[in-house]
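Reader: I have the sequence and a model open side by side. Can we go through some residues and the packing around them?

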Amino acid sequence: MTIAEYDAIVLGAGAAGLMCAAVAGQRGKRVLLLDHADRVGKKILISGGGRCNFTNVNTAPDRFISANPHFAKSALARYTPTDFVALVERYGIAYHEKALGQLFCDGSAKQIVAMLLEEAAKAGVDVRTGQPVSDVTHADGKFTIRFGDQYFTAASLVIATGGPSIPQMGATGFAYDLARQFGLKVVEPRPALVPLTLGGGDVLFRELSGIAAPVEARAGKAAFREAALFTHKGLSGPAILQISSYWRHGEPVTIDLLPDAQQGWLIDAKRTRPRSSVRAALGAALPDRLAETLAERLALPGELGALTDTKLRDAEARLSRWIFRPNGTEGFAKAEVTVGGISTANLSSQTMMAKSVPGLYAVGEAVDVTGWLGGYNFQWAWASGHAAGQAL
Ligand SMILES: Cc1cc2nc3c(=O)[nH]c(=O)nc-3n(C[C@H](O)[C@H](O)[C@H](O)COP(=O)(O)OP(=O)(O)OC[C@H]3O[C@@H](n4cnc5c(N)ncnc54)[C@H](O)[C@@H]3O)c2cc1C
C-alpha cells in the first residue's frame, strides 16, 4: 500500500477549508484538500441567493454565538472584512453593500469559489473531490486517512467539514464524529437561522402565509428589529431567522408588532377618530389581513370612542409584546447554519489547534462559533481558516 505524504490534510473544501489550504500553501506547506462532494464550495454557490453575502462590514465578536463569547475575537481581529474585501478587489470581483453592512457579489457566487480555487492552485494545493473520507487514524505524530481507495498521511489534519445544516447539499455531522474520536467535546448542535413552526393556539397565524411586517423579535436577552414573515408552517423572515439562533425549545418568542408606534397611539387614535375601530387603527399601520387577525384576537369590537383607555392601553401593551410559543423549528433541512459544534474549550483561539491533540485543527462552522445572518458566518469561515492556515 502506498501512502502519499503531505504537511497538512484539510478535510472539507468549503469556505473555511479553501481559505485554510490556500493560506498554508502560500506559506510553502504541501497541502492536500479533500471533499466527499463532487465539487468544492457548494454552500458558497447557493449562498446569498446565488450572489454570496461574503462578509459584513459590521463584524464584531458580539455578533457571534458561542459557549465562550471571547473565543472568536483573536481570529476575527487578525483577518477582517477589509482583508477579504482586498482579496475580492484583487480579483476584480464587483460587489455592493446591501442593508446592514452586508456585502454581496454584483455577479455570482461562482466568482468567490473561482477566486478561492485560484488562490489554492497558486499555492500548489492538491485538491481532490468525490470520494468518501474514512479510517482516520493518528500514530507516531502522523494522521493517516483513507480517501476512496487511496491513503494519505500528514503531521497536521484540519477538520473543515462544516455543520449538518442542509444535508441535501452534502452536509454531515462528520466533524463531530471525528472530534469525538480524538476526545474533543461537542456542544449540542442545533439548527439556527431557521424558520420557527407554530401550532396550538398560534396555528391561526399560519393563515397569514406570505404576509410580512417590520417587527422587533425577542428571545431571552436577544432582540432583532427586521422583517418577520408569516409562513404556512409558522414564522420566518430575517428577524425570526436571527432570533431562532438564540431560541430554545419551550421558550416564547415575543414580538413587537408595531416597533415604531409611539406610546399611547391607540388612545390618541380614540381622541382624534372616536368613530373608528381597533381594526381600522391597526390597518393604518399593518398589512390588512394581519390587522384583521390581531383585531380578532384582541376582541375589542365597536368604536374606539366606546372603549376605555385602560382597555386600549392593555391592547397596546399586548401588541408590543405579542407572545408566540413556537413548537419547533423547520430543522437542519432548512437551517442556514448550526449553533454549537466542536467545543472551543478544546481549541486554541490563536491557531484553532486542539490543545490535547497536537496537529489536529478545527475551523469554520464545525466549531462552536455561529454568526448572525448577513455575511458573518462566511467571515468566521475566512478568519478561522486563515488563523489555522498560518499556524499549520
Ligand atoms: C442556503 C444557505 C445560504 C447561506 N448564505 C450565507 C451567506 O450569504 N452569508 C454567510 O455568511 N453565510 C451563509 N450561509 C452559511 C455559510 O454557508 C456557512 O456558514 C459556511 O459555508 C461554513 O463554511 P465551512 O467551510 O465551515 O463549511 P461548508 O462551507 O459547509 O463546507 C464544508 C465542506 O465539507 C464537506 N464535507 C462534509 N462532510 C464531509 C465528509 N464526511 N467528508 C468529506 N467532506 C465533507 C462538504 O461537502 C463541504 O464542501 C448560508 C448557508 C446556507 C445553507
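Reader: Which residues does Glu-216 touch, not counting residues up to four places away in sequence?

Author: This is a predicted model. Glu-216 sits in strand β13, residues 212-219. Neighbours up to four places away in sequence are not counted, and what remains is Ala-223, Phe-224, Arg-225, Thr-254, Ile-255, Asp-256 and Pro-259.

Reader: Is Glu-216 buried or exposed?

Author: The cut-off for buried is under 20% relative accessible area. Glu-216 has 18%, so it counts as buried.

Reader: With which side chain does the side chain of Glu-216 make a polar contact?

Author: Both partners contribute side-chain atoms, 3.0 Å apart. A polar contact needs N or O atoms within 3.5 Å. The partner of Glu-216 is Arg-218.

Reader: How far apart are the C-alpha atoms of Gly-162 and Gly-364?

Author: Gly-162 lies in the loop between β10 (150-159) and α6 (174-181). Leaving aside neighbours within four places, Gly-162 is in contact with Thr-172, Ala-175, Glu-365 and Ala-366. Along the chain, Gly-162 and Gly-364 are 202 residues apart, but their C-alpha atoms are separated by 6.3 Å.

Reader: Where do the buried residues of α6 fall, seen down the helix axis?

Author: The buried residues of α6 are Ala-175, Tyr-176, Leu-178 and Ala-179. They fall within an arc of 165 degrees, so they line one face of the helix.

Reader: Which residue just after α6 takes a positive phi?

Author: Helix α6 covers residues 174-181. Just after it, phi is about 80 degrees at one residue, Gly-183.

Reader: Which residues touch the most other members of the largest nonpolar core?

Author: This core has 128 residues. Its largest share, nine residues, comes from helix α1, residues 15-26. Domain 1 (3-190 + 337-391) and domain 2 (196-329) both give residues to the core, so it lies between them. The residues that touch the most other members are Ile-112, Leu-282 and Trp-382.

Reader: What does Trp-382 touch, not counting residues up to four places away in sequence?

Author: Trp-382 is one of the residues touching the most other members of the largest nonpolar core. Its contacts are Ala-15, Met-19, Ile-44, Phe-54, Tyr-79, Phe-84, Ile-112 and Leu-116.

Technical notes
Residues are numbered from 1 along each chain as its sequence is written. This is a predicted model: local features need pLDDT of at least 70, side-chain atom pairs count only at pLDDT 80 or more; totals for chains, interfaces and linings use all residues. Side-chain values use heavy atoms; hydrogens and water are left out. Helices (H or I, at least four residues) and strands (E, at least two) are DSSP runs, numbered from the N terminus. Buried means under 20% relative accessible area, exposed over 50%, partly exposed in between (1.4 Å probe, protein chains only). A polar contact is a pair of N or O atoms within 3.5 Å; within protein, one must be able to donate a hydrogen and the other to accept it, and residues adjacent in sequence count only if both atoms are side-chain atoms. Contact means heavy atoms within 4.5 Å. A nonpolar core is a set of buried Ala, Val, Leu, Ile, Met, Phe, Trp, Tyr and Cys residues joined through side-chain atoms within 4.5 Å. Domain bounds come from an automatic or database domain assignment. The arc is that of the directions from the helix axis to the C-beta atoms.
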